[in-house]
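Welcome! Let's take a friendly walk through the charged pairs and one of the helices of this protein.

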Amino acid sequence: MTTTAEMRLRHIVEQTALKLTDADGRFHKRQLTDAVREQIAREDLDPHVKAAALDKLAQSLVTGFGEQRNPRRHSRTGRFFHPEYVFKLGNGVWVWMNRATDSDVVQWRRLSRNNRTRVDQADNEIQDYADEVLDAFRAHRDVVYLGDLERVVFGWTEDDADQGDLFGS
């Protein structure tokens, strides 16, 4: 569920991204991050919007911690183990590798395989879409931009611009 505060934060990011976009439609993530931070610091935000921003910050920090501690093969030992790494077991449960049990390893392996399957499926969809679009670009050499190609060749209209899709609702 998207709260009013989250929508306000997303609006700040979107407006800032639009301001940073160059004539070629490009902007840099680092510049966007810096500009959003400055905008949030500068604005007199409602307390619930500030709280949502702090929640997003905390979530980002925790996600970064989890990514940093995600098991990976060590070049020296060839093993995945490090006592300060964590297994992500699903439903928000993490366990330090040092304290993991055999059932934790089974669950970690199962989730890893399921994640790999989802990633592969998503990548297959991306590759299929890219192939279709590149074929259309080759067939319509007069079309320069993807937005125009989608409208002309595939019939995309503004009616297709469901905001729920944009925010994963």
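Let's begin with Arg37, which is partly exposed, with a relative accessible area of 48%. Keep in mind that you are looking at a predicted model.

Arg37 has a charged partner: Asp34 forms a salt bridge with Arg37, and the closest N and O atoms of this pair are 3.4 Å apart. Both residues belong to helix α2, where they sit three residues apart, about one turn of the helix. Asp34 also forms a salt bridge with Arg30, with the closest N and O atoms 2.6 Å apart. Asp34 and Arg30 are four residues apart in helix α2, so about one helical turn separates them.

As for accessibility, Asp34 counts as partly exposed at 22%, while Arg30 is exposed, with a relative accessible area of 54%.

The structure holds seven salt bridges. Another of them links Glu43 with Arg8, whose closest N and O atoms are 2.5 Å apart. Glu43 lies in the loop between α2 (29-42) and α3 (47-68), and Arg8 lies in helix α1 (residues 4-20), so this pair ties together parts that are 35 residues apart in sequence. Glu43 is partly exposed, with a relative accessible area of 23%, and Arg8 counts as partly exposed too, at 28%. In general, side chains of opposite charge can pair when their charged atoms come close.

Here are the salt bridges described above, side by side.

| Salt bridge | Closest N and O atoms |
|---|---|
| Glu43 and Arg8 | 2.5 Å |
| Asp34 and Arg30 | 2.6 Å |
| Asp34 and Arg37 | 3.4 Å |

Helix α4 (residues 102-139) has 38 residues, and at 1.5 Å a residue it should span 56 Å.

Some residues of α4 are hidden away: Asp104, Val133 and Ala136 are buried. What do the buried residues of α4 pack against? Their neighbours are β1 (86-90), β2 (93-96) and α5 (146-152).

Key
Residues numbered from 1 in each chain as written. Predicted model: local features only at pLDDT ≥ 70, side-chain atom pairs only at ≥ 80, totals over all residues. Heavy atoms only, no water. Salt bridge = Lys/Arg side-chain N within 4 Å of Asp/Glu carboxyl O. Helix = DSSP H or I, 4+ residues; strand = E, 2+ residues; numbered from the N terminus. Buried < 20%, exposed > 50% of the residue type's maximum accessible area, 1.4 Å probe, protein only. Expected span 1.5 Å × (residues − 1). Contact = heavy atoms within 4.5 Å.
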